[in-house]
Amino acid sequence: MQKRHNIVFLCFCAAFVCYIDRVNISVAIIPIQETFGWSDTTKGLVLSSFFIGYMILQAPSGWLTNKIGGKFVLGFAVLSWSIFTLLTPAAAMLSFPLLIAVRIAMGLGEAAMFPASYGMLGRWVPEAERSRSTSFLISGVPLGTLFALLTTGWIITNFGWPYAFYIFGLLGLVWTVVWYFKCTNSPRDYPGITDAELKLLIDSSDGKKDAAEIPWKVILSHRAILVIFVNHFCTNWGLYLLLAWLPSYFRDVQGLSITNAGIYSAAPWLTMFIMTN
């Protein structure tokens, strides 16, 4: 296997873990609400607080990746959001404000997922392979979502809701250890890389190119870019509305068990994955 494939696979695994940790609370919030007697408004605050942190660090994460490299940024991001995933049950039991703070902090960590991964692909993947590698990376999103929806209810039913955070949080810690020992910012520093692969990567690396001034005014005023912004906003509105509330709908309105609420909620993403592959 070429060394660049190791990097692409690990970035895919990070996206997979990212969406497991992001989605599991959509199912876990059902028994959490029952435990603490929250209203639906309070539940909505918990589900949405993640996105405060996620919004804040998106752009700074890309800038930091360019400055210090994707290995540190992505590694620290997965480590931090995994720790805050593990801390979620304790925070919920201690106080509501602490839970909100932990969810925001988790969002801060996950904000670096894709900026750092794209930075790594720019250095580690030849131009001719980037579309395929990016598609493979993004496939971690529906797969992680499916996995979380299909398994979280079962974990909660058999072990209790805190274990949905403990088990998935530990996965991120394992990934961090592997990433630390198996990843380098530059192909030049990767042990055992062949001269042929190294030359291929250096010749097409984004790091080789001189940085040009970004024409922000032109970009932000271009009609096609504005259409992409509107499309992405509308798509994500529907996506995260379903992710956050569909399990609760199946539980509260249709009367399904927690396990089945998660399984039925996976149907849209299973369909999407089948139709796009």
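A salt bridge is a side-chain nitrogen of Lys or Arg within 4 Å of a carboxyl oxygen of Asp or Glu. The model is predicted: local features need pLDDT of at least 70, side-chain atom pairs count only at pLDDT 80 or more, and totals for chains, interfaces and linings use all residues. Residues are numbered from 1 along each chain as its sequence is written, and side-chain values use heavy atoms, with hydrogens and water left out.

View A. Helices (H or I, at least four residues) and strands (E, at least two) are DSSP runs, numbered from the N terminus. Lys-43 counts as buried because its relative accessibility is 1%, and Asp-40 counts as partly exposed because its value is 47%. Here buried means under 20% relative accessible area, exposed over 50%, and partly exposed in between (1.4 Å probe, protein chains only).

View B. A search of the whole structure finds 5 salt bridges. In one of them, Arg-4 pairs with Glu-129, with 2.8 Å between the closest N and O atoms. Arg-4 is in helix H1, while Glu-129 is in the loop between H6 and helix H7 (130-138), so this pair links distant parts of the chain, 125 residues apart. Both Arg-4 and Glu-129 are buried. Arg-4 also forms a salt bridge with Glu-197, the closest N and O atoms being 3.2 Å apart. Because Glu-197 lies in helix H10 (residues 195-204) and Arg-4 in H1, the pair ties together parts that are 193 residues apart in sequence. Glu-197 is buried, as is Arg-4.

**View C. Helices H1 and H4 are in contact.** Two packed helices are described by the angle between their axes and the distance between the axes. The axes of H1 (residues 3-36) and H4 come within 11 Å and cross at roughly 10°. That makes H1 roughly parallel to H4. Axes are lines fitted to C-alpha atoms, for helices over the stretch in contact, and angles run from 0 to 180 degrees between N-to-C directions. Angles under 35 degrees count as roughly parallel, over 145 as roughly antiparallel, 65 to 115 as roughly perpendicular and the rest as oblique. On the H1 side, the contact (heavy atoms within 4.5 Å) includes Cys-11, Ala-14, Val-17 and Asp-21. On the H4 side, Leu-74, Val-78, Trp-81 and Met-93 are among the residues that take part.

**View D. A nonpolar patch lies on the surface.** Trp-63, Leu-64, Ile-68, Phe-72, Phe-76, Leu-79, Ile-83 and Leu-87 form the patch, with about 750 Å² of accessible area together. Helix H3 (58-68) and helix H4 (70-94) are the elements that give two or more residues to the patch. H4 gives the most, with 5 residues. Leu-79 lies in H4 and is partly exposed, with a relative accessible area of 30%. Patches are made of residues with over 30% relative accessible area and no salt bridge: like charges are joined within 9 Å, nonpolar side chains (Val, Leu, Ile, Met, Phe, Trp, Tyr) within 5 Å. Accessible areas come from the Shrake-Rupley method with a 1.4 Å probe; for residues, only the protein chains shown count as cover.

**View E. Tyr-118 lies in helix H6 (residues 113-124).** Tyr-118 is partly exposed, with a relative accessible area of 38%. Not counting residues up to four places away in sequence, Tyr-118 touches Thr-134, Leu-137 and Ile-138.
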